[in-house]
Amino acid sequence: MATKKKVYATHVTTPEGKRIYVKGKDKADLERKVLEAKLAMNAGVDITCDQTFREYSEMWLRVYKKPPKVRESSYLIYQSCLNTHLIPFFGGMKLREIKPLHVQMFLGSLSGFSRSTQARCVQMLRAILLSAEDNGLIVRSPVRSNDRPSGENPKEEVPLTNEQARELLAAVSGTRAYTFCLLALSTGMRRGEILGLMWEDVALDAGTITVTHNKVFLAKGNDAPVTTHLKTDSARRVIPLSGLLLDHLRDLHAVSTSPYVISMKDGGSLTRASYHALWQVVDNRSLGSRSGVLSFRCHPHQLRHTFITQLFESGLDLKQVQYLAGHATPEMTLRVYTHYRNQSRAQETAQQTSAAVAYLNG
């Protein structure tokens, strides 16, 4: 006859007089859980609440991050991060059951993602659980100050040389990619700013572009709306147009039937697939491709960094470059140029060192 397993259970009484059933796997476990419950009650935590992470995090998003409290684009990023990473891992867990060990396991599950994605997830998890602590649902947030992303920092962008920039424009001449590349090299606009650029933002007579619109693709989905929600308030700026770009835009505007500078055949803004097809034109001409027209490979953000570097090289001061780049802080602007100058100095030093010891060759 099977021996009946002993049950270790008791109850604790809340300040409101409600009895809460507590069960442990053995006597020591039961005592620990009773102590935790009493400590939680003394800290003002409602131990009768069985709210899950999913329930609380979705409410947190609605209460704290719903527009107009944040930009629509920021809200969509928060929502995507929550649904893609946080809820799949923590969703069914009760808030008070989440421990530092679970946070470490979550960080481990993000190891294949970029450092920026990891940082966003940790930041959001910390905010949600601190809010739960503030609202008396847990004694203390299990996210510790040393819980940080472990992914590699993104590689510093290397700007194109003058020769490479001209080579790129020549290689994509006559294609839709030419307009994109010329805009990026001549204005430093971000990808979303170029894809959202409308003719109403372009003053051909005055020779300026006012950055007003933006298009941000989320992790999932082939399309996204064009909005006036820019990356930061500093992104709203007026950029003077160069002769080459101004002439090109005048020719393009004369035949355009779309409100967008770069558009689909139906006149709409580019979808994700259409944008990828546009940049494929560049990739198909790059080093290593079958055509190999270009002597190098590049990607879109390099063109923005090329513009910023050229501004510094042309003698503009830091505040001017920061404004034209649409950076929120001067540190962001300096980081781009400092990397370029360090590389240039390293090359100069190598050349000077070679020249200094050239006498040894006889």
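Because the model is predicted, local features need pLDDT of at least 70 and side-chain atom pairs count only at pLDDT 80 or more, while totals for chains, interfaces and linings use all residues. Residues are numbered from 1 along each chain as its sequence is written, and side-chain values use heavy atoms, with hydrogens and water left out.

Of the 362 residues, 42% count as buried. Here buried means under 20% relative accessible area, exposed means over 50%, and partly exposed is in between, using a 1.4 Å probe and protein chains only. As for contacts (heavy atoms within 4.5 Å), among those between residues at least 6 apart in sequence, 60% join residues at least 24 apart.

Now for the helix pairs. Two packed helices are described by the angle between their axes and the distance between the axes. The axes are lines fitted to C-alpha atoms, for helices over the stretch in contact, and the angles run from 0 to 180 degrees between N-to-C directions. For α2 and α3, the axes come within 11 Å and cross at roughly 175°, so the two helices are roughly antiparallel. That label goes to angles over 145 degrees, with under 35 counting as roughly parallel, 65 to 115 as roughly perpendicular and the rest as oblique. On the α2 side, F53, R54, S57, E58 and L61 take part, meeting Y75, Y78, Q79, L82, L86, I87 and F90 of α3. Sorted by class, this contact has 8 nonpolar, 2 polar and 2 charged residues. Ala, Val, Leu, Ile, Met, Phe, Trp, Tyr, Cys and Pro count as nonpolar, Asp, Glu, Lys and Arg as charged, and the others, Gly among them, as polar.

L61 deserves a look of its own. This residue sits in helix α2 (residues 53-64) and is buried, at a relative accessible area of 5%. Apart from neighbours within four places in sequence, L61 touches K66, Y75, Y78, Q79, L82 and M124. With Q79, the C-alpha to C-alpha distance is 7.5 Å, across 18 residues of sequence.

From α11, R304, F307, I308, L311 and F312 meet L318, V321, L324 and A325 in α12. The residues of this contact are 8 nonpolar, no polar and 1 charged.

Aromatic rings make up the last part. Rings of Phe, Tyr and Trp (its six-membered ring) pair if their centres lie within 6.5 Å; planes under 30 degrees apart count as stacked, over 60 as edge-to-face and the rest as tilted. That rule gives 8 aromatic pairs. In one of them, W60 and Y78 have ring centres 6.4 Å apart and planes at 85°, so the pair is edge-to-face. Since W60 lies in α2 and Y78 in α3 (residues 72-90), the pair ties together parts 18 residues apart in sequence. W60 is buried at 4%, whereas Y78 is partly exposed at 23%. F180 and W279 also pair edge-to-face, at 6.0 Å centre to centre and 70° between the planes. Finally, F53, F89, F90 and F106 form one aromatic cluster.

Methods:
Helix = DSSP H or I, 4+ residues; strand = E, 2+ residues; numbered from the N terminus.
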